[in-house]
Amino acid sequence: MEPDTTPAPLAHVPATARPVPEADPELVRRWRSGGGELVELLSQVRERFGGVAAFRLGPAPTVLVTDPDAVQHVLARHPDRYVKRSHRARLLIGDGVLAATGEAWKSQRRLLQSQFTGPGMRRYEHRITAAARTTAARWDRYARTGETFDVGREMRRFALDAIWRSLTGHPLDDGTEHELDAVAAVATALPTLPADASDAHDAVAADLSRIDTVARHAVEAARGGTAGPDGPGLLQVLTDAAAERPEYTDRLIRDEMVTLLVAGHETTATTLTWLYLLLDRNPGAREEALAAGAEGSEERRRAVQALVHETLRLYPSAWILPRHATEDDTLVGHTVEAGSDLLVCPYLTHRDPELWPDPEHFDPRRFTAPDGRPAHPGAYFPFGIGPRACLGLQFALRESTVLLEHLLPAHTVAFSATPAKAAYGITVRPDGPTPATLVRPSA
């Protein structure tokens with residue numbers, strides 16, 4: 001559907017370029033009157049108007065991007081034309097690498113990049129494994145006692161332990177875990193906070209104070225050379241940088257630390273929680289993964305990784321990626337004017353039936369069978385793509401795989417209740433508790 005008034009082509013855009021199809025205002029009005037989630041509106045826009053389409057929530061249109069070619073164009077080929085502005089979590093993460101822009105982002109990214117690839121990742125392997133073993137021992141106790149526990153809480157506890165060990169060299173203790181509950185509390189509250197920055201800060205001031213206190217103590221310990229039993233961690237990298245780079249003030253070190261805490265545990269915990277909920281509905285997928293190979297084999301590891309990838313297809317770590325057009329451009333044949341806001345939506349790309357047959361069905365074989373998934377890099381991007389793709393991709397995949405290799409053979413999870421829907425905030429998370437007990441497999 002073309003808009004009623006067709007604007008003249010931009011001067012330096014090919015004359016064959018078309019305006020972005022714009023959704024009928026009635027679609028937005030009905031969505032607003034129903035009080036639905038934004039994802040519902042985006043789904044309807046994509047379904048009716050295609051993989052590049054506009055809708056108006058205010059005076060200017062917002063462009064929804066789900067087409068793989070357009071995704072690749074915006075995120076990977078031309079990140080200088082489509083930039084991040086203010087991150088939704090800035091109140092929590094400050095000027096950490098997720099929220100930083102321009103030269104500051106490039107500098108911060110360079111410092112951290114080596115820690116999350118190749119040899120850098122190997123430094124944290126044993127810390128991830130230690131966190132997984134701690135969780136496995138706790139689950140063995142739950143199985144013996146028949147205790148009911150919350151799966152989502154357990155996944156947060158594991159992921160927080162893994163990143164805390166990697167940051168500080170110390171295992172997560174109960175007191176620190178309790179204080180860092182404030183991270184999840186602020187992250188969950190962000191979508192509903194007041195628009196005014198001061199009012200928003202006041203609403204979560206107590207939780208931010210708790211986070212700042214934990215961060216301050218951890219930074220002081222790292223700066224004082226107090227290494228944990230696993231040796232120095234990522235915080236040591238940041239405090240060492242401050243000796244040569246004046247931009248690494250105490251505040252920026254705090255912001256990077258909290259950024260790593262948020263990115264290093266919230267997304268992984270959410271993915272693992274969804275995975276267990278999906279296995280509850282598709283129990284054969286667990287058996288198939290375990291039957292792929294012996295314990296410790298590369299075949300089983302690939303099958304377990306496929307469980308994670310298929311979960312991330314349905315519930316990507318970053319379900320929506322806002323961008324801002326800095327100049328006029330042509331996006332897969334459509335004109336995009338400078339100043340336009342764009343929403344790149346992995347959640348909807350991953351559920352496009354033209355890319356993923358039977359997209360709502362949980363099928364890990366998409367990631368093990370030849371030609372099981374689309375070849376286009378813009379068709380699957382749960383951590384983003386391009387220069388601003390998530391730094392912690394390898395870390396997140398490694399900790400998820402290691403934990404599942406410990407837990408899947410030993411237990412099946414029996415939920416006593418499951419959330420009826422998802423909540424769409426910084427991540428897509430189950431909207432409710434996930435109480436469960438453990439059952440040892442019969443064979």
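1. Val332 is found in the loop between strand 7 (329–331) and strand 8 (334–336). Strands here are DSSP runs of E with at least two residues, helices are runs of H or I with at least four, and both are numbered from the N terminus. The phi of Val332 is near 40°, a positive value in a residue that is not glycine. Most residues other than glycine have a negative phi. Val332 counts as partly exposed because its relative accessibility is 34%. The cut-offs for relative accessible area are under 20% for buried and over 50% for exposed, with partly exposed in between (1.4 Å probe, protein chains only).

2. A word on the basis of this note. The model is predicted, so local features need pLDDT of at least 70 and side-chain atom pairs count only at pLDDT 80 or more, while totals for chains, interfaces and linings use all residues. Residues are numbered from 1 along each chain as its sequence is written, and side-chain values use heavy atoms, with hydrogens and water left out.

3. Overall form. The protein has 17 helices and 13 strands. Its C-alpha trace spans about 70 × 55 × 40 Å along the principal axes. For 443 residues, a compact globule would have a radius of gyration near 22 Å, and the protein agrees with this at 22 Å. That radius is taken over C-alpha atoms, and the globule rule is 2.2 Å times the number of residues to the power 0.38. Of the 443 residues, 52% count as buried. Among contacts with a separation of 6 or more, 71% are between residues 24 or more positions apart; contact means heavy atoms within 4.5 Å.

4. The loop between helix 16 and helix 17. Asp358 lies in this loop and has a positive phi of about 50° although it is not a glycine. Asp358 counts as exposed because its relative accessibility is 52%. Asp352 is also placed in the loop between helix 16 (346–349) and helix 17 (393–407), but Asp352 counts as buried, at 14% relative accessibility. Not counting residues up to four places away in sequence, Asp352 touches Arg46 and Pro359. Asp352 and Arg46 are 306 residues apart in sequence, with their C-alpha atoms 9.3 Å apart in space.

5. Helix 7 against helix 17. Helix 7 (residues 125–145) packs with helix 17 at an angle of about 35°, and the axes are 9 Å apart. Axes are lines fitted to C-alpha atoms, for helices over the stretch in contact, and angles run from 0 to 180 degrees between N-to-C directions. The crossing of these two helices is right-handed. A crossing is right-handed if the near helix is turned clockwise from the far one by less than a right angle, and left-handed if anticlockwise. Helix 7 contributes residues including Ile128, Ala132 and Trp139, and helix 17 contributes residues including Phe395, Val402 and Leu403. The contact divides into eight nonpolar, three polar and four charged residues. Ala, Val, Leu, Ile, Met, Phe, Trp, Tyr, Cys and Pro count as nonpolar, Asp, Glu, Lys and Arg as charged, and the others, Gly among them, as polar.

6. Two buried helix residues. Ala131 is found in helix 7 and counts as buried, at 0% relative accessibility. Leaving aside neighbours within four places in sequence, Ala131 is in contact with Phe158, Asp161, Ala162 and Arg165. Thr259 lies in helix 13 (residues 250–281) and is buried, with a relative accessible area of 2%. With the neighbours within four places again left aside, Thr259 is in contact with Ile93, Gly96, Val97, Leu98 and Gly264.

7. Helix 9 against helix 11. Helix 9 (residues 174–189) and helix 11 (residues 205–223) pack at about 130°, with axes 8 Å apart. That makes helix 9 oblique to helix 11. Angles under 35 degrees count as roughly parallel, over 145 as roughly antiparallel, 65 to 115 as roughly perpendicular and the rest as oblique. The crossing of helix 9 and helix 11 is left-handed. By class, their contact has eight nonpolar, two polar and four charged residues.

8. Helix 14 against helix 15. Helix 14 (residues 283–291) and helix 15 (residues 298–314) pack at about 155°, and their axes are 7 Å apart. That makes helix 14 roughly antiparallel to helix 15. Ala285, Ala289 and Leu290 of helix 14 meet Arg300, Ala303 and Leu307 of helix 15. This contact has five nonpolar residues, no polar and one charged.
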